Amino acid sequence: MKKKTIISLLAGAALCFTMPSCMDLDETVYDKLPSDQFAQTEVEINALVGNAHNTLRRYWPNNFFYLSENIGSMAVTPSRRGGDWYDGGQYQLLYTHNFNSQISVIKGSWNAATESIGTCSATIYTLENSTVLTEEQKVSKIADVRGIRAFWIYVMMDYWGNIPLLTEYDPVDKVLPSCTPRQEVFNWLVQELNEIKDQCPAPTAENYACFTQGAAYTLLAKLYLNADAWGVTTGENNYQKVVEYCDKVMTMGYILEPVWKDNFSQTNNNSREAIFACAFSASDTENSNGLHFNTLHYKDNLAIGATFTANNGVCAQPDYVKLFPEDDPRREGSFLLGQQYNINTGEELVTDHGRLLNHTVDVTVIPTTEYPGTNWGQVEQEDGGRCWKWPYASDLTSAMENDFHVFRLADVYLMKAEALLRGGGSAAEATTLVNAIRERAYGNGDHNYTTVGLDEVQLERRLELAWEVTSRQDDIRFGCYETGMWSSVNCPRETGEYLKLLPISQDAWQVNPNLTQNPGYPPFSN
Amino acid sequence: MRQKKMFTSFKHSRLLATSVLMSFCMTGAVFAQRATIKGSVVDENGEPVIGANILVKGTTNGTITDINGNYSLEVENAKSTVLQISYIGYNSVEEAVKGRNDISFKLEPSVVNLGEVVAIGYGTQTRREITGSVANVAEENFNKGVTRDASDLLQGKVAGLTITTGSGDVTRGSQIQLRGTSTLQNDQGPMIVIDGIPGGDMSTVSPSDIESISVLKDASSAAIYGSRAAGGVILITTKRGSGSKTTINYDGYVTASTAANKPDMLNAQEWREVNALLGKDISAFDGYNADTDWFGEMLQTGISQQHALSLSGGTSKSNYRASYTYMDRNGVVRNNYLTRHSFRFQFQQRAINDRLRISLTGSATLTDSDRPFNDDFILAYNMPPVYPVYNEDGSYFKGANTAYDQGNPVQNQDQNYRRSRNNYFYGAGDVQFQIIDGLTTKVQLYKSRFASDYSEWQDPDNSRGDNNNGLAIRRNRTWDRNLLEWTANYNKVFGSEEQHKIDAIIGYSWENNEYADQSAQATNFAVGTMGADNIQTGNTLKIGEVTSSRNEYKLISLFARAHYSYKEKYMITATVRRDGSSKFGANHKWGIFPSVSAAWGISQEDFMESAEWVNDLKLRAGYGVTGNQDGLQPYKSMELYSSAGTYYSNGALPTAFRLTQNANPDLKWEQTSMLNIGLDFTLFNSRLNGTIEWYDKRTSDMLYRYRVSTPTYVYNTIMANVGDMKNTGIEILLNLDVIRNKKFTWNTSINLAHNKNEITKLSNELYSTGKIYVGDPWIRGQSNQTSHVLEVGRPIGQFYVPRCLGIDAEGKFIYEDLDGDGVAGAEGDRTYCGDAQPDLTYGWNNTFTWGNWDASIFFRGTIGNKVLNNPLAAYGNNTYINGANAMKNDDLTRLNDISKVSSYYIENASFMRLDNMSIGYTFNTKKIDWLEKARVYVAAQNLFVITGYKGLDPEVENFRGEASDDDAGLSPGIEPRNYFPKSRSFTFGVNLTF
């Protein structure tokens with residue numbers, strides 16, 4: 001009896017454990033979609049392509065915005081009285097070109113670029129395996145994402161030169177790439193863009209925010225324009241190629257917007273000057289446009305009538321602002337300067353330090369606040385012109401509606417002018433191009449040049465493209481990389497050809513020991 | 001589900017089933033032999049023991065001795081019944097009745113009750129039989145005063161169990177850690193088991209319902225809980241009704257709490273003087289003449305109360321207990337409260353000659369709370385003292401609401417809220433059947449639902465809400481849990497002298513956990529008076545502000561344990577558990593967690609007979625493997641897509657989708673193995689009792705979000721199993737009856753624990769990790785500066801900052817230039833500057849009784865731990881003093897440099913706290929027949945702290961946010977600048993039993 005009882009019990013148990021449901025550990029996923037159940041419709045495919053477009057939101061107004069303008073001659077993030085924004089000295093190191101692999105803006109920018117490349121590659125992998133698209137749709141959508149990826153690889157090649165060039169996505173087999181020399185990255189980009197340049201979406205208003213044919217040709221022009229400065233050989237007449245590609249873009253139906261500010265407004269998605277755009281939305285909290293937080297003073301919102309509290313960060317390098325003639329509308333259109341008033345009461349705004357909130361052009365180190373061993377010191381809270389190019393809405397809170405145009409036609413005009421001058425082309429045509437930009441800015445031809453040289457082109461680029469992530473690249477090309485535009489700080493920049501490449505992020509090496517540090521910098525070590 | 005399967009099996013062999021049923025009836029008919037047993041209980045001097053408990057083992061049928069020490073008890077079966085006799089301060093005794101009807105007992109006094117039955121995983125054992133490391137704390141040793149849950153009762157009582165109450169926030173739970181940090185992935189502390197239901201929540205048991213708490217400290221005792229036991233296991237046993245009598249019990253107290261400490265800020269005059277001394281221009285503040293103590297304005301004396309009522313009783317066949325507890329706690333910060341209603345009902349009935357037992361338990365815990373915004377304390381640090389709280393017309397002063405880190409915190413407190421209304425319901429039922437003598441089987445079913453309704457409001461009028469012109473959040477979350485468990489237990493005593501004893505259990509458990517939430521947020525409120533109660537008033541709704549989510553995971557287990565003891569001299573226990581979790585990768589869903597432990601009762605040996613001073617001596621050794629998965633969210637092994645905001649498409653904004661994570665199909669169990677050796681001793685006529693234990697605990701394949709290379713991966717982190725960690729330690733417990741006589745007793749108990757923690761591996765062939773920088777102490781102007789490092793060869797909590805040698809004559813910090821680059825105190829000059837883990841933690845308890853009076857005094861503390869005094873670093877400098885307030889300190893006026901996180905602010909935080917003190921008086925109720933017991937007491941908590949630490953309190957939380965946050969617990973030892981002051985409490989309480 002007893003034995004049988006035990007047997008029956010064990011039998012019952014054994015039966016249970018052999019029943020599948022008793023031992024079933026399959027996961028039911030409710031709020032996400034397993035990869036084998038997604039990208040089954042065109043709408044779902046488009047949602048992935050749209051996400052690849054959105055990677056550009058990590059380009060500006062953070063990461064590369066700080067890198068380009070601080071390392072270049074456009075902007076600076078000074079340490080404020082009390083030590084705000086000293087942040088371990090990283091902005092001082094950027095401004096003075098004392099680069100090291102631990103600077104957090106460098107690490108963050110590397111991460112943004114590489115993750116974006118990974119996102120694009122994974123998207124391409126999904127698109128290639130898709131069975132729901134027509135061949136034509138497939139080619140165009142893949143070219144669009146390949147273009148976004150090419151842009152990111154171009155950005156990395158520009159800043160770091162020698163980079164891990166891994167474009168295959170494999171969900172299972174993971175390889176750790178080593179660095180590909182800049183020349184090979186350049187060659188790859190030229191080939192990639194040539195492959196896709198006519199497959200990309202057409203340069204129409206409907207394809208705003210896509211990587212269009214216009215974007216592909218503009219990027220090709222940028223590659224050839226900078227080839228000399230990058231020290232790569234192309235086997236082509238570089239400047240002729242630039243002119244050729246710019247000409248192509250200029251026939252695609254883009255126009256210089258008659259009103260300059262329309263390129264920056266909250267409705268700048270309507271601009272027909274935009275060639276390659278990063279679209280932001282005030283109603284989207286994913287990687288939103290927080291430019292206002294980065295630059296405005298804690299109390300500048302009161303001058304706009306908005307409720308946000310900004311962080312009093314980046315401002316213009318003083319000598320850069322001084323390049324702007326007082327009567328150039330782009331001066332007021334690019335910088336917030338002067339005493340600020342409460343828009344509702346008309347009262348003068350006063351800082352917490354009891355000083356008038358007057359954004360001076362000059363940014364002046366307060367005596368005795370210098371950090372040990374340098375002339376870098378603290379400046380008053382209110383010093384410096386703030387970014388005022390993309391108008392702030394009075395109901396602005398955390399996210400701006402204004403888009404950022406990575407490439408726009410004015411840039412192409414000036415690129416072509418520069419290439420003509422550098423390549424021995426028509427100076428008259430170059431003059432016409434520069435004057436077109438000036439006339440649009442002033443609203444009349446009174447400020448036109450009779451003839452232009454490279455100096456005028458460089459100046460025009462600075463007047464036209466402030467805050468638009470061109471400063472570092474332009475300074476290298478025009479040979480003024482070692483000259484900051486904040487002479488009064490008396491912090492000379494480090495010199496050395498190697499500084500034209502940034503050090504590769506320490507974080508990147510920690511997880512991929514196959515990476516080699518750029519020449520001139522200490523080799524990686526723990 | 002399982003029952004159905006059992007049924008099928010019976011169908012398959014109907015004959016067998018019939019015969020089993022017949023056997024039940026037969027055994028009933030043959031063995032039932034009702035009888036009444038009488039006798040007396042005396043103590044070591046032959047004096048009658050009044051109120052000793054007599055209980056039929058395995059039932060709740062029992063009684064207590066009368067004024068002459070006599071008892072009388074009716075039992076079902078005088079042949080097989082075993083009686084258990086227990087009385088506080090004496091060893092419990094077990095005696096088989098064997099048909100007798102007159103049995104008398106003599107009890108031996110002991111500082112620890114070796115005969116006491118202690119909860120272990122899936123069962124009970126007497127202390128004498130235990131082979132693993134199990135600490136048990138019974139009601140009489142619980143912390144007194146205002147307590148919220150079991151962790152408050154246990155704090156400081158168990159060697160190696162660190163319970164940290166870092167803040168005075170009454171809505172915030174304690175952080176519990178057993179034998180050091182054992183994982184990188186969201187250390188959740190020990191698993192809670194309430195009355196045998198694994199994975200419970202402490203807040204669902206009112207402290208007044210708890211009878212005893214067992215802590216399974218080593219892997220050999222915890223391994224029966226397998227994959228969730230790596231952090232240890234805490235078993236909570238609730239009170240049950242007794243069959244002998246009906247009882248009504250009332251427990252009530254009132255508590256007043258004040259802030260134990262607050263930051264020492266400059267007052268208005270001092271602030272002006274310091275600015276004048278430093279030559280700072282503060283003329284902008286000429287119009288302000290207040291002298292506001294901003295911290296003082298935010299604080300209050302919090303009055304709390306608790307009333308607990310319980311009814312219990314039963315017959316020899318059944319018992320019940322029902323209880324209701326009302327708790328209302330008000331914090332030392334004005335807008336901080338917790339109100340809780342706890343209901344608990346238990347009923348148990350026996351049938352078929354006591355062989356069938358059915359139990360039902362229902363519990364409901366309804367909690368309302370308001371959790372302040374800790375960041376309001378940052379405003380209190382910064383607001384200049386010359387600003388008033390209110391303008392002359394009585395309205396809030398709002399002049400600084402747009403300034404950086406400033407704003408009127410009192411206005412924030414009054415207008416903003418973060419309220420929760422939480423409901424935790426559960427029901428459990430079990431059916432236990434004794435198939436034959438010694439063999440029982442049990443099926444247990446459990447269902448719980450925890451629902452949380454959260455409302456957050458940031459008013460547009462104040463500094464927190466004005467950024468968004470008002471912000472409201474409503475969030476509903478639901479956690480469901482279903483559990484089915486089946487066990488079969490066999491125990492038998494045999495041999496001519498009953499020298500052999502075996503006890504075995506096998507079991508199966510199936511559970512699923514489901515989580516769902518929905519959340520809505522709106523901003524831009526033109527009218528703010530309805531707060532979060534009318535969220536549609538908000539004019540702006542962004543993508544990603546209305547969300548919902550749902551996930552589920554399953555855990556399936558098979559487990560077994562066998563225990564054998566020979567004359568209580570040699571004991572061995574082996575367990576094994578096979579756990580499967582749906583969270584892991586397809587190839588690694590199952591893990592096996594074995595353990596074995598043995599004990600040698602040396603004092604039972606013949607050669608020890610002459611050593612009369614030794615009452616009991618036992619050597620134990622055990623080894624086991626446990627796992628960890630609780631910190632791991634479901635679905636981490638899979639490649640998934642989810643929505644990610646919107647993208648622009650020709651004027652429209654459709655929803656974008658993206659990969660959510662790097663999938664890791666190889667995700668598997670994190671394992672912790674532990675070797676434990678212990679010695680238990682009771683000496684000198686049972687006056688001294690103690691335990692010494694040594695352990696070596698090793699965690700391997702640690703789950704963590706490891707950084708990986710992009711490109712090749714899409715994102716730069718992946719959840720993976722890579723690292724290893726080691727904890728070794730020694731624990732000592734001593735318990736001494738210093739004075740033991742009729743008039744006066746004094747018992748003193750000391751526990752000491754030393755633990756050494758070390759990360760031993762962070763890389764493998766797939767993932768390479770050097771240093772991981774963690775810790776975000778935040779000083780204004782010092783963004784991205786970390787305080788800690790995770791590195792092989794270093795413990796968790798390793799500070800890694802520049803070393804400061806002092807302050808020079810010009811008021812500049814002198815840093816060591818370790819990398820020799822000419823710039824001292826920079827990134828390359830960071831070095832190892834102590835760690836946050838203590839070398840020793842201790843608790844020292846004393847209890848006294850004198851006639852009707854009783855008293856206790858309890859100290860606890862740590863030695864050798866470091867704490868980063870971040871408020872001093874952030875607010876002890878004059879950097880911003882002409883626009884913000886500062887803390888008084890010796891360096892305030894001499895500094896001429898910015899503060900940064902350095903060794904200068906890392907302080908020794910060894911401390912001793914007078915944690916708990918109480919005095920009680922028990923009235924003589926012998927002449928009042930309707931009143932059984934009446935006691936009043938006063939208790940004080942956190943009376944003082946002795947420490948060299950200069951900050952607010954040396955005992956800080958391991959992490960600031962939620963346990964589920966990334967890197968929670970990996971940068972312990974930071975006093976945050978938004979620290980919530982601790983409280984000091986005084987309680988008056990009453991216990992009445994009718």
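Glu498(B) lies in the loop of chain B between strand E24 (471-494) and strand E25 (500-525), where helices (H or I, at least four residues) and strands (E, at least two) are DSSP runs numbered from the N terminus. Phi of Glu498(B) is near 55°, a positive value in a residue other than glycine. Glu498(B) counts as exposed because it has 10 C-beta neighbours inside 10 Å; a residue is exposed if 12 or fewer other C-beta atoms, placed from the backbone, lie within 10 Å of its own, buried if 20 or more do, and partly exposed in between. The model is predicted, so that local features need pLDDT of at least 70 and side-chain atom pairs count only at pLDDT 80 or more, while totals for chains, interfaces and linings use all residues. Residues are numbered from 1 along each chain as its sequence is written, and chains are lettered from A and ligands numbered from 1 in the order in which they are written.

A positive phi, of about 65°, is also found at Trp85(A), which is not a glycine. Trp85(A) belongs to the loop between strand E3 (79-80) and helix H4 (90-95) of chain A, and it counts as buried because 22 C-beta neighbours lie inside 10 Å. Most residues other than glycine have a negative phi, and most peptide bonds are trans. The peptide bond from Trp60(A) to Pro61(A) is cis, with omega near 5°; Pro61(A) is located in the loop between helix H2 (42-54) and helix H3 (63-71) of chain A. In chain B, Thr710(B) and Pro711(B) are joined by a cis peptide bond with omega about 0°, and Pro711(B) is part of the loop between strand E34 (688-707) and strand E35 (717-740).

Helix H7 (residues 182-196) of chain A comprises 15 residues and spans 21 Å from its first C-alpha to its last, close to the 21 Å expected at 1.5 Å a residue, the expected span being 1.5 Å times one less than the number of residues. Buried residues of H7(A) include Val185(A), Phe186(A), Leu189(A) and Ile196(A). Their cover includes helix H6 (135-160), strand E4 (163-164), strand E5 (179-180) and helix H8 (213-230) of chain A. Leu189(A) touches Ala150(A), Ile153(A), Tyr154(A), Met157(A) and Leu223(A), residues up to four places away in sequence not being counted; contact requires C-beta atoms, placed from the backbone, within 7 Å.

The largest nonpolar core has 251 residues, and those with the most contacts inside it are Leu189(A), Ala221(A), Val242(A) and Ala417(A). Such a core is a set of buried Ala, Val, Leu, Ile, Met, Phe, Trp, Tyr and Cys residues joined through C-beta atoms within 7 Å. H6(A) supplies the largest share of this core, 14 residues. Another core, of 56 residues, lies apart from it and has Ala119(B), Val193(B), Val233(B) and Ala428(B) among its members.

Between the chains, 96 residues of chain B are in contact with 89 residues of chain A. On the side of chain B that touches chain A, the largest share, 7 residues, comes from E27(B). Strand E1 (residues 33-34) of chain A and E31(B) run antiparallel and are joined by 2 bridges, pairing being assigned if DSSP finds at least two bridges between two strands. Pro34(A) stands opposite Leu640(B) in E31(B).

Conventions:
Two residues are in contact if their C-beta atoms, placed from the backbone, lie within 7 Å.
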